[in-house]
Amino acid sequence: MAKRAKTSAGKGIDEIWKREVGEVPPRLFANRLGASEDLVLRLDVYRKLAKHRGCVNTVSFNSAGDILVSGSDDRNVMLWDWESGHVKLSFHSGHTNNVFQAKIMPYTNDRSIVTCAADGQVRHAQILENGRVQTGMLAKHQGRAHKLAIEPGSPHIFYTCGEDGLVQHFDLRSSSATKLFTCKSFHDKSINMPIVHLNAIAIDPRNPNLFVVGGTDEYARLYDIRKYNWAGSNDFAQPTDCFCPQHLIGDEQVGITGLAFSNQSELLVSYNDEHIYLFTRDMGVGPNPVPASPSSEGSNASGMESNPTTAASPSTMDADDGAGPLVYKGHRNCDTVKGVSFFGPRDEYVVSGSDCGRIFIWRKKDGELMRAMEADKHIVNCIEPHPHVTMLASSGIEHDIKLWIPKAVNRASLPAKIEQGIVPWKRTKLTFAPAIHGSS
């Protein structure tokens with residue numbers, strides 16, 4: 001007689017029994033449960049946080065995960081008790097334009113918040129004992145400042161990047177910022193090399209000396225802060241390594257909107273009008289990559305002409321040969337600066353927003369699309385995983401924040417038009433005209 005396959009519920013009961021009798025350690029049990037595909041397939045809206053009066057461009061949890069901080073086009077920063085849905089504190093950021101990112105510095109009793117915005121300012125807000133908030137400008141970019149990255153575990157150190165191509169290092173114990181370098185293009189080796197307008201920056205949690213930046217060209221550039229000469233002049237603008245799918249090298253239509261490191265030092269790179277790619281450390285193309293010459297763009301290493309259809313399918317060129325990055329497809333990233341994140345206790349999933357107003361969730365190990373959840377009437381820009389439990393916070397063009405937990409009675413399936421494949425769209429270079437803009 002054939003053995004009956006266990007349902008997901010049956011497997012869950014087995015896991016609980018193993019935990020109770022000591023066969024599975026509590027932490028391992030929590031990780032297995034948190035990574036469960038069954039939970040991902042049951043994610044649904046738990047609560048909407050609606051107090052901002054403009055697009056919510058940034059959402060971020062504190063280290064403990066009990067407070068959510070948000071920033072908006074209304075230039076306010078709000079700290080939420082997300083479980084109750086109440087605002088613990090709301091204050092004007094001091095910015096004169098849309099707030100693009102707000103983060104709570106760790107180990108500060110949630111009293112130190114750093115922000116960057118469309119006005120180029122980088123600001124520090126301190127919550128005083130009497131509940132008042134003191135804000136001040138730390139530095140300024142010449143153009144919009146999209147992202148900041150906090151050194152893991154540090155209550156003092158963070159980095160910012162902006163459309164001026166400048167990367168700055170901040171230590172809150174100091175009164176001034178350090179201008180590390182201005183990012184320049186590899187495509188033009190003249191004295192007046194064009195600037196790469198930066199959209200994203202991320203720090204490797206396993207090695208906080210390493211950080212990566214990306215912007216209006218195809219390369220994610222990795223830097224090692226230990227190579228910076230704090231005592232004087234240096235050529236720190238030379239990256240340690242660069243990452244780019246082979247078929248995008250020399251493509252002037254693409255740019256990077258989002259970057260994220262996993263806890264295993266894997267690197268996610270999200271391109272506008274393209275896909276999301278997962279790189280391991282050994283997939284770099286070197287610190288000074290040479291773009292393909294126009295004469296070689298129509299041929300590959302074997303001298304054969306490339307097939308335009310094949311060139312438009314990264315999975316056949318990069319991932320399927322076993323040597324290139326994994327590819328995550330299906331979403332659309334054309335109109336705004338969208339982030340990308342890992343999700344799960346051991347980064348088992350990849351998540352991104354989309355121009356179609358959905359949250360996309362892929363299984364990391366094979367790129368399989370798991371969910372396409374309707375989350376905004378217009379565009380989803382920000383998705384922030386909770387640091388400890390299976391939960392997401394999302395925001396976009398609408399003025400609210402949506403919290404997602406696995407509460408649905410039935411497991412979700414992909415919408416029909418997503419499952420059948422989305423019709424390709426015309427590729428356009430992401431520009432920086434003052435339009436509807438979001439930043440995760």
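This report describes the pocket, the cavities and the nonpolar cores of a predicted model.

The largest pocket has a volume of about 1,600 Å³, and of the 50 residues that line this pocket, Lys103, Phe261, Glu384, Pro385 and Pro387 are the closest to its centre. Its lining draws at least two residues from each of several elements, among them helix H2 (26-34), strand E2 (56-61), strand E6 (99-104), strand E18 (256-261) and strand E26 (380-385).

The structure also holds three cavities of 30 Å³ or more. The lining of the largest cavity is formed by Leu138, Phe170, Asp171, Leu172, Ser174, Ser175, Ser176 and Ala177.

Turning to the nonpolar cores, the largest has 23 residues, of which Val212, Ala220, Leu259, Leu267, Val269 and Tyr271 touch the most other members. Two or more residues of this core come from each of E14, strand E15 (210-215), strand E16 (220-224), strand E17 (241-243), E18, strand E19 (267-271) and strand E20 (276-279). Leaving aside residues up to four places away in sequence, Val212 is in contact with Ala200, Ile201, Ala202, Ala220, Arg221, Leu222, Leu259, Phe261 and Leu267; Phe261 is also among the residues closest to the centre of the largest pocket. A second, separate core has 18 residues, including Ala149, Ile157, Leu180 and Phe211. In soluble globular proteins, nonpolar side chains tend to be buried together.

Key: Residues are numbered from 1 along each chain as its sequence is written. This is a predicted model: local features need pLDDT of at least 70, side-chain atom pairs count only at pLDDT 80 or more; totals for chains, interfaces and linings use all residues. Side-chain values use heavy atoms; hydrogens and water are left out. On a 1 Å grid over the protein atoms alone, a cavity is a set of points where a 1.4 Å probe fits but cannot get out, and a pocket is an open set with protein on both sides within 12 Å along at least five of seven lines; lining residues have an atom within 4 Å of a point. Grid points are joined across faces, edges and corners, and a volume is the space filled by probe spheres set on the points. Helices (H or I, at least four residues) and strands (E, at least two) are DSSP runs, numbered from the N terminus. A nonpolar core is a set of buried Ala, Val, Leu, Ile, Met, Phe, Trp, Tyr and Cys residues joined through side-chain atoms within 4.5 Å. Buried means under 20% relative accessible area, exposed over 50%, partly exposed in between (1.4 Å probe, protein chains only). Contact means heavy atoms within 4.5 Å.
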